[in-house]
Every structure is written in C-alpha cells, then in structure tokens.
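Hello,

Here is the structure I promised to pass on to you. Please open it and keep it in view while you read. My notes follow below it.

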Amino acid sequence: MVRMSGGVAGTALAVVAAGFVGGLSGCGPSETAMGSGDAAQAVYVPPGEYDKYYLFTSGGFSGQLGVYGLPSGRLLKQVPIYSQWPENGWGYSEETKAMLNTSYGFIPWDDSHHPELSQTNGVPDGRWIFINGNNTPRIARVDLTTFETVEIIEIPNSAGNHASPFVTQNTEYTVAGTRFSVPTPQRDMPISDYKDNFVGMLSFVKVDSATGRMTLAFQVRMPGFDYDLSHSGKGPSHGWSFFTSYNSEQANTLLEVNASQKDKDFIAALHWKRAEECVAAGQVERLPSRYAHNYFNESHIAVSEMVNNSVVVTPATCPDMVYYLPTPKSPHGVDVDPSGELIAAGGKLATVIPVHSFSKMLAAIEAKDFEGTVSGIPVLRYEAVIAGEVQNPGLGPLHTEFDGKGFAYTTAFISSEIVKWSLETFTVVDRIPTYYSPGHLSIPGGDTRQPWGEYVISLNKITKDRYLPTGPELSQSAQLIDITGDKMRLLLDFPTVGEPHYAQALPASMISEQSVRAYPLESNKNPYATKTEGDAKVVRDGRTVHVYMTAIRTHFVPDNIEGVQVGDSVMFHVTNLEQDWDVPHGFAVLGARNSELLLMPGQTRTIVWVPQYEGVFPFYCTDFCSALHQEMQGYIRVSPRGSSVPISFNAR
Ligand code: K7E
Ligand code: CUA
C-alpha cells in the first residue's frame, strides 16, 4: 500500500521529486500540469512496504517474463521461459533442458509477446500466466505459486505464434493464431504459389481446469492471411474468439505495399463452441503433425513428448463456425470490452477505431446479411455489424484496454499517445502523450469482465532522451498513468528488461498469499536427490561419475572428491537441504561450459561437467547464503585418463 507519514518519508519524497523534475525537460503539458511531488507521492512505496499490484511484462526478444511491482515500477524478478538463463541453470540443468525441446530439436531462445493470466468467470484467478513463443510457435504456462515455467507446448502447422495465448473466459482454451501462413502440411513448393496454397491455422489448446495441463484440442484451417492478435468473447460473447488478420491480399512479397491494397481486411469471429460440436461429431481431418509437449513429471524433471497428429476443422465442413467482420485497414489489436458486446480493432493504417457489436453480428448472421464470401467463409456487411467508429483516435491506433467504468484506452503508435474514449458515445474524451511509440497498454484486469482500473501502463518502444544513454541500444520502457480522475495523469517512467509488448497486472494479494516458500524435502522425488548428508556419495558408472551432493549452510557434502578422470561426464546432483524461505544455494565449478545451478530450498538440480585437463578444481556456492558463505566450497581432483586413482570422497 502507498502510505505517507512522518519526516523520514518526507525526505525520501523530496529526493524522488527532484529526480522527477530533472526528467521534465522537453515533455508535454500534461506532465507539467500536475505537481511532480504529487506524482512522486502517488508511486512512492516506503521501504519495507509492498506494492499493490504485480505487473507481468513480456520480454519480447529476451524470451522471458518480467515481474514488477506497481505503483513503484520496481523490478522483482525475471522468469525464464524460452531463453536459457545461466543465472539459475534454466535450460542448462538436466532437469530443465527438455523444457526447451521442440520438433526442431533444442532451441535456447524465443520471442515472447503476450503474457495472459488464467481466468475464472472472466476474471484473473491468480493461478497461472501463459505466454506465447513467437518464432518457434509455442505456449508456455508459468505456475504463479512458484514463478516457474512448468509446461511448454509447441503449436504445429503454424509459423509465428503471434495471435496468442489469449484465454477464454474460464481458461477452457488458450489460443494460437499463426502470423505467417505456410504450406500445410509443410512441403517444398514455389513461394509464388502462396495464394490458395498456404494455410493460416487457428489453434485451440485445452487447459485442464484442475492441473493447468495443456493439450492441443483442434486447429481451424483458414485462408492464407496473416493472423495477428486475438481476444476471446466474454459474457454474452463467451464461446467466440476473435482474430485480426491482415494481408487478405495474400501477397508473398513486399507486404508493406502489397498487403495494404485493400480498404478493409478482416476480424475472424470464430465460434469455438460450434467447432467443439464438429469435433465431437467427427467432422474433422487428422493431419500428420509433429510437435513437442514438455512438462515437469512427478519427479519435477522436465520431459518432452512428441505428438504426431492434430485434429483439423475446416469451415467448409463445419458451417456456422466462422465469419469475417470487415475491418479497416490491416488491423492489429482486437479487444473485447468488459460487457462482451463491443469488439474494438486497432488499425495500424486506419483513421478511425472501428468498434463492432456482438449482438449486431449475431443478428447479421441470422439475417444472412453478407457482402460475399472468402474461401467459403461468409463476410458480414460492415454497416450491419459496426457499433461505432471512434473519430480522431490518433495516428496508428494499435491496442485497447478498458477501465470498467465505461471508457476504453487506445494506444496510438505513430502519434505517441493514449486516447481515452467513451464506450457509449464513441468519442475521445481525453488524451495524453507517451514517450514514445506505445505498442500495447495495460490496465489491471483491463481485458477482463471486471477491470480493477486505477492505472494504465503504456508500453513504449522508443525512449530517446528519456534515460541516460547506454550506447546504441536504449532501454524500452513502461509509463505509469493514473486513470482515477477525468484526466489521465502521468506518474512514472520505468525502464523494462527486454521489449515489453504486452503486460498484465492484478492485485498483489491474489498471488502473494499463495507463494511457495520452500519445496518440501520429503516430497522431493528426484531419483538423484540426497536427503541427508549421510547419503551423500560418488559413484562411477563407466565414463559417467554421479556425485550425490548436499548443500546446507555452510558446506557441501562431499567437499573433496577424487578419482575423476579427464573426459568423464561428472553429473553433480545437488540437493539443497534447507527448508527455510529465501535460502537458495548456488553451485559452480571451475571450467564448467554450461552454467551454474541455483537450488531452491528442498530442490535437486543436476549440472554436467566434463573436465578437460588434469588438476584440482574448486567448486563453490554462488549465492551469499550466510556469514560463512565464502567457506562454502570444495575441490575435485582430475587424474589422467586411465589413472588408477580410485573414486573417493569425504562423507559425514
Ligand atoms: Cu502489438 Cu506482438 Cu501484441 Cu507488440 S504486438 S506492440
Ligand atoms: Cu550457500 Cu552461499
């Protein structure tokens, strides 16, 4: 909570305020309109106090997930998702490597754009957060009790999983729309055969409501457009998902020109409840497909399974499943208001924000008010489905969120601003400059049935002149804007790690109260776990040496090991015996060519070390765990290949 009292806080406030004033040069009028002291007070979280909200930001090309506190903007954690993370051994340790497996083999990186909280009844429930992998199509699930990635599923017959992972109202599904259409199944063909040969697959991944476990339920075969963003219906529109598309021209080269020919592209309105009926009735095709499904098994070791086919539904054999809403012009975002009635599109090149009406859409479907068909998919008449057009929305409107009080907020990328508009009159009621070029914005609960409102966070691509220079690459940033009053008020700039395409926030108590503090040692089922120091041992198995090691303040057991030879694969299986909160130990060994291990209390992790030279090599704890942390070390002796030095170690 933000609290202010007494002289100490007042002093700190003055310092923060001075910093803020220093940042004012060259800024717009709305920033100077409020006292900077007011802004500082509004974001000041006194030392020892907690933030009010968690904010989860995508890492973009870092492939990770950022966790921040609001309103302070303090970075709390980076959660590794798709990119290897030597800081804790993610993707390097034997227990986690398989999480990054794909049908293309092990991939240590991806581009992640959209974090999406799980929902119950259209409201975030604080259980999981999903995030898409864009380059190698995947969806990951993070458990919010541990802030750990626990599952990654690859999406077959897709390329560029951008319209993802937006969930349905009760997290029945998380969706995946392919940005790039591709030959399906993949095969050799001339690129110029794009038209009518490439497929744009929209995938529905079922989420088990008890466990969160994901399975690819079905895919919908769509014309070869580029599918860009998605949001699912809610309330009356629950059962539908909406996907923007561009390049309905089906160009395969110079898209900046060739995909901007038509006046309108489409939002695909997909009735997934209807698709479920067709799947149940067997009106499907089984497509040979190869994709990886990775998850932690009961021993908390990542396993990777290959799945070999997918179920495909086609509009032609599942009538009434999908309709096109004409939408100007190369639309990007698509956002559904809290009531579930209004569907707002961002149009990168559009001069208005088109807002479709769900009830009008149903009426137009009923009346068969079509202006034609595209590949057999009915195209609804624009005038029949449009609820309103927001005039003068800024240049390059991209993404919209809602405050739950009857207003929508849309980013304008080119004119660098957020515009606030009324869901009743479709008129702009306020605007505020952002610094600069916002992509998404985020309001706590802002894409749900019950937004918490209070703030909008602008997620900016460009920060020229906002921060100290850091060479050619400058930070991306978030800006915190107060939306409690009639006028938006800029409160705070804070840099972000990676490119925050999108972010979601929710009240902190929904997560903090269920946070895991340690993994119970008694339920550690890792087959290489060492649960007491008396069980520590070193075992040779051919050219592999297994070291069953324990870590506790402030020593490893064993801490002297001999009998290892050059070229052996030494598997350090290290178990952290601590059961206290916030006492990880680290493990690093000289010459390791992968990473360290960071062991949470009660956890076992394994790193492989292949000694290349004879000698005596130290290992040590990398996490300053106690006053005697520097004493937490040991040695391993490496003898020449074929040496007669026997395996030995000092036990307890
Ligand atoms: Cu607009 Cu990838 Cu959601 Cu970025 S996307 S901005
Ligand atoms: Cu254990 Cu430092």
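Just after helix α5, Gly 282 takes a positive phi of about 75 degrees. Helices (H or I, at least four residues) and strands (E, at least two) are DSSP runs, numbered from the N terminus. This is a predicted model, where local features need pLDDT of at least 70 and side-chain atom pairs count only at pLDDT 80 or more, while totals for chains, interfaces and linings use all residues. Residues are numbered from 1 along each chain as its sequence is written, chains are lettered from A and ligands numbered from 1 in the order in which they are written, and side-chain values use heavy atoms, with hydrogens and water left out.

Buried means under 20% relative accessible area, exposed means over 50%, and partly exposed lies in between (1.4 Å probe, protein chains only). The arc is that of the directions from the helix axis to the C-beta atoms.

Helix α6 spans residues 358-366. Its buried residues are Phe 358, Met 361, Ala 364 and Ile 365. They sit on the same side of α6, because their arc around the axis is only 120 degrees. Just after α6, Lys 368 has a positive phi of about 50 degrees.

Look next at β13, residues 198-207. Of its 10 residues, 9 are buried. Strands of a sheet pair through backbone hydrogen bonds, either parallel or antiparallel. Two strands count as paired if DSSP finds at least two bridges between them. These are the partners of β13 to look at:

- β11 (residues 173-178) runs antiparallel to β13, with 5 bridges. Ala 176 stands opposite Ser 203.
- β12 pairs with β13 in the antiparallel sense over 2 bridges. Pro 183 has Phe 198 as its bridge partner.
- β14 (residues 214-222) is antiparallel to β13 over 8 bridges. Phe 204 stands opposite Phe 218.

β13 and β14 also form a hairpin, with 6 residues between them. Gly 212 in the turn has a positive phi of about 85 degrees.

Most residues other than glycine have a negative phi, and most peptide bonds are trans. Check these exceptions.

A cis peptide bond joins Thr 184 and Pro 185, with omega about 0 degrees. Pro 185 lies in the loop between β12 (182-183) and β13. That loop also holds Asp 196. Asp 196 is not a glycine, yet its phi is positive, about 70 degrees. Is Asp 196 buried or exposed? Asp 196 is exposed, with a relative accessible area of 67%.

The peptide bond from Pro 328 to Lys 329 is cis too, with omega near -25 degrees. Lys 329 is in the loop between β20 (322-327) and β21 (331-336). Asp 320 has a positive phi near 70 degrees. Find Asp 320 in the loop between β19 (302-313) and β20. Asp 320 is partly exposed, at 49% relative accessible area.

**A four-stranded sheet**

An open sheet of 4 strands runs in the order β31-β32-β33-β34, with antiparallel pairing. β31 (438-442) and β34 (489-496) are the edge strands, each pairing on one side only. The twist averages 25 degrees from one strand to the next. Axes are lines fitted to C-alpha atoms, for helices over the stretch in contact, and angles run from 0 to 180 degrees between N-to-C directions. Inside the sheet, β32 (residues 455-460) and β33 (residues 476-482) share 6 bridges. Asn 460 has Ser 477 in β33 as its bridge partner. Helix α3 (residues 36-43) packs on the sheet and touches β32, β33 and β34. The direction of α3 makes about 60 degrees with that of β34.

**Ligand 1**

Which residues are around ligand 1? They are His 113, His 114, His 162, Leu 229, His 332, His 399, Gly 439, His 440, Lys 461 and His 501. Near means that one heavy atom of the residue lies within 4 Å. The shell has 1 nonpolar, 8 polar and 1 charged residues. Ala, Val, Leu, Ile, Met, Phe, Trp, Tyr, Cys and Pro count as nonpolar, Asp, Glu, Lys and Arg as charged, and the others, Gly among them, as polar.

Best wishes

Methods:
Contact means heavy atoms within 4.5 Å.
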